[in-house]
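Hi there,

Here is the structure I promised to pass on to you. Have a look at it first, and then read my notes below.

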Amino acid sequence: MTKSLSTFAFVLSLLICPRLGSGQAPRPAGSGAAASTQTGGGGADTTQSSSSAGACKSTISGAIAYTDLKSEKVSLPYGTAFAITGDVTQVQLAGGALNALITPQSVTGDYAASDGTKGDMANSPVAGTSWNVSVGKLSPDTGVTINFRFTGPLSAGVVQAVLDEMLGDPAYQAALSQFIDSALGKSAAAQLSATTLLSQAAAAVVTSALGRRGLAPKNPEDLKTALATALLNNIEPIFNLDGQISSVRNPYSSIAAGLGLSQDDLVALPPQLLADKLKGIDYSKVSAAMQDTARQMVDQFLKTYQNAAAGLSNGLKGALFTGSSSLAVGSDQATDVVCDLQKYAGFDVGALYAPRLSELRSFAMVDVYLGPVQLRTGATPPKAGIGEWLHQRVSLAVGVALKDLSGSTQSKISGENAFAYGLGFRLNKYFRITAGGLLYRTTLPAENGSTSPANGSLRQEFFIGPSIDVTALSALQSIFAKAKSN
Amino acid sequence: MIAGFVKLQSFNDGKTKSVSVIAIEDASGGAETFTFVVIDQTKIVGKNFPPNDVQPVSVTHTASGKGLVKVSVANSPQTFTQILDVDKQPGDDGTGS
């Protein structure tokens, strides 16, 4: 017996010691690691691991911080609704920071989990710069894609950026050429219809430019009408801007010298930046012959740019835009973001080997954890340290041996039954190594016609063997598991 | 050859309407022929330019309303097109912005 116990202790130390330092491993190596362990183990580990309440950081505060979720610092709870909270300054859209594009007034959205669960997040007002949304119940061990939709009016800086983009847009340039071709030389009245078409084309370009920034009008038809009308009313400065920019960029204008730029750098400046720089132009550096002309040119351009931006801003005033930000967290099995299932016990089947009996027997065993543990061994434990690491892996095992697998013809075990007890050590989500004692009643052969006095006595032998936690299989996961993670 | 145009604008003193543009001559100098299309009227005007000179060029017209005004010049790719309200009354400093 003493020898059996020392062997057990030795085997257990071999299993534990090499990984003692990895108790705080980041989120799971996933199924790949589990699969390779399974191959080496030769069995399936039916471990129902889980963590104690609080194993998921998300359960600590009750609300998930958007930035923590984005950086995958937290797991989402399962089996219970929860909130995600954040600040508008933390959200990025396709075209930049959310609060640089719109002034968010409300947030809503939807989510879809990898197990097919879908849901909507109710509309919630943005208080100052803070926002929060409520998410419904999720299943454990899944990935989730969350779509946030923020709605609000455009930020002031966006209008000028969109104006710049419109001026350089090939579709707008084509519309300008078409407008000139169709309207030039005709009466003012006849030019009006062509101007209307140009305004509509410009409105489409502006809407498209906003779309590239991740912004969609809340009421597209209303915006289309309002924008086209505003652009039509302000078509003079908007149209004239293109020609005046060309004048400013003309190398003979000597503007580049006044700005201390090379001609190439001047041409590369977008209109908004060009306007900003022209406000500080040093005319003394402009060629003497061009100084007066340059002054008139710059004054005209700045006035036109201001009027064009005001016109566009007027068309967008009052319109609400929606900026969407999609957050895919744990979209596959290896990066599941919802808390791993928390289990109290596992039901294993496997094979055990008793060296002194030279027998291999199948057995069924219940492994009871010292508190709920996470199903995946790689999930972030609630606490650091070796103790928590062991808590997530070690279980008390009791069970019965079922049948001899080694073909023994002279088994010392009376009947097929034996009681097994010991410690289980979970290698991963499915596999476990269990070692301990095997209690059985002996059946000893008669020698020289006399039955051994030890025959029928209760004996104990050391055993060790791999097993599979059948309750880790997806269909049986809820057995011995917590209904929700907090 | 004309190398560029600047500040195309319209004037109306109540009696006479005109449009003007500042033209920039390159180092070649010489006589230049300008064509103005003012809404639905076309006007042609010639002017001599010393090398590297910068001069205003203007034409009178009787067109009315708001519409395209384009100036181009012979033997140069340079053009300048703006939408102007040629009826704007003086006292104004012209239109174009």
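**What I found**

In chain A, strand E2 (residues 82-87) runs antiparallel to E7(A), and six bridges join the two. Strands here are DSSP runs of E with at least two residues, helices are runs of H or I with at least four, and both are numbered from the N terminus. One residue to look up is A:Gly86, whose bridge partner in E7(A) is A:Trp131.

This is a predicted model, where local features need pLDDT of at least 70 and side-chain atom pairs count only at pLDDT 80 or more, while totals for chains, interfaces and linings use all residues. Residues are numbered from 1 along each chain as its sequence is written, and chains are lettered from A and ligands numbered from 1 in the order in which they are written.

Back to chain A: its three strands E1-E2-E7 form, in that order, an open sheet with mixed pairing (two strands pair if DSSP finds at least two bridges between them). Strand E1 (63-65) and strand E7 (130-135) of chain A are at the edges with a single partner strand each, so one side of each has no neighbour in the sheet.

Chain B has an open sheet of four strands, ordered E4-E3-E6-E7, with antiparallel pairing. Within this chain, nine bridges link strand E3 (residues 30-38) to E4(B), and B:Glu32 has B:Lys47 as its bridge partner in E4(B).

How do the chains meet? 28 residues of chain A are in contact with 25 residues of chain B (contact means C-beta atoms, placed from the backbone, within 7 Å).

Enjoy exploring!

Terms used
Two residues are in contact if their C-beta atoms, placed from the backbone, lie within 7 Å.
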